[in-house]
Amino acid sequence: MTRLGIGVVGAGRVGAVLGSALRAAGHPVVGVSAVSEASLERADTLLPGVPVLDVPEVVRRSELVLLAVPDDALAELVAGLAATGAWQPGQIVVHTAGRYGAAVLDPARAQGVIPIALHPAMTFTGTSLDLSRLVGCTFAVTAPAPVLPIGQALVVEMGGEPVVLDEAARPLYHAALAHGANHLVVLVAQAGQALAAAGVADPGAVLRPLLTAALDGALRAESASGGRDAEGEVTSGAVTTLTGPVRRGDAGTVADHLDVLTDLGVRTGATDVAASYRALS
């Protein structure tokens, strides 16, 4: 691709890392917006030497604007910049919100920009560790058909794997990722909390081999199933990897689990643990 002057709007955990990855691919970063102390520190660490500017100036200087702001702030930001005439014809505008496709950029598109939605299926720390995690990471790419190759090329330059996703599928895609990643963290924390209450000194050490094996088996089964059964119905290969009392139908054991987890909630206030166990069982 032609080298593009990149402007990063939002030096959060995602924006600073993706800006650094694009810079490593040869694109100069011409400006970054950062307000909080944490974002200023990330900009200084991951984008050293890049001037910190206000948002309109970042947009003015850029051939490609990377919008890495919270989902709920994105539409208002795009519309606000359009109202001031900040967008430039031919400018590429990329946002990283998983929830939205390219349509949220319509106010900018009306002023001649090239709209692209790129979402990495990855959790970010906002440090240089994330740069290596981008290698092989799947990015959902949503854009008008003629400009899809631009989005795909940007992903490849960052070391990722582009997957084209329809505009209408973005909310369900994002819900699936949030359910899998965020609630996995919750389950691990709840299991660790229960083990600690049982007197286990290092819950993480106990859980690590068990959960690593369970996650690996579930992901392998999901890949093998392809998400659909022989009749073409949507399914989950992870079901075939389940073990334990629920799978075996040991209702007495499940009832005992609920009793002790409910008691844990009474003693510690962790009432969410029994509720999660009941719902997922």
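Predicted model: local features only at pLDDT ≥ 70, side-chain atom pairs only at ≥ 80, totals over all residues.

Trainee: Why is strand S5 called largely enclosed?

Mentor: Count its residues: 6 of the 7 in S5 (residues 114–120) are buried, so the rest of the structure largely encloses it. Buried here means under 20% relative accessible area.

Trainee: What makes S4 and S6 pairing partners of S5?

Mentor: Two strands pair if there are at least two bridges between them. Strand S4 (residues 92–95) has 4 bridges with S5, in the parallel sense, and His-95 is bridged to Ala-117 of S5. Strand S6 (residues 138–142) is joined to S5 by 4 bridges too, but antiparallel. There, Pro-120 has Phe-139 in S6 as its bridge partner.

Trainee: How do you know that Arg-133 and Asp-130 form a salt bridge?

Mentor: Their closest N and O atoms are 3.5 Å apart, and the cut-off is within 4 Å, so the pair qualifies. Both sit in helix H6 (residues 129–133), 3 residues apart, which means about one helical turn separates them.

Trainee: Is Asp-130 buried or exposed?

Mentor: Buried: its relative accessibility is 2%, against a limit of under 20%. Arg-133 has 37%; that falls between 20% and 50%, so the label is partly exposed.

Trainee: And what makes Arg-220 exposed?

Mentor: Arg-220 has a relative accessible area of 58%, and exposed means over 50%. Its salt bridge is with Asp-216, the closest N and O atoms being 2.8 Å apart. Asp-216 counts as partly exposed at 36%.

Trainee: Why is Arg-60 called exposed?

Mentor: With a relative accessible area of 52%, Arg-60 passes the over 50% mark, so exposed is the label. Arg-60 also has a salt bridge to Glu-57, with closest N and O atoms 2.7 Å apart.

Trainee: Which residues make up the nonpolar surface patch?

Mentor: Leu-184, Val-188, Leu-210, Leu-211, Leu-215 and Leu-219, together about 500 Å². Helices H8 (170–197) and H9 (203–225) each give two or more residues to the patch, and H9 has the largest share, 4 residues.

Conventions
Residues numbered from 1 in each chain as written. Heavy atoms only, no water. Buried < 20%, exposed > 50% of the residue type's maximum accessible area, 1.4 Å probe, protein only. Patch = residues over 30% accessible without salt bridge, like charges linked within 9 Å, V, L, I, M, F, W, Y side chains within 5 Å. Areas by Shrake-Rupley, 256 points an atom, 1.4 Å probe, with all protein chains shown as cover. Salt bridge = Lys/Arg side-chain N within 4 Å of Asp/Glu carboxyl O.
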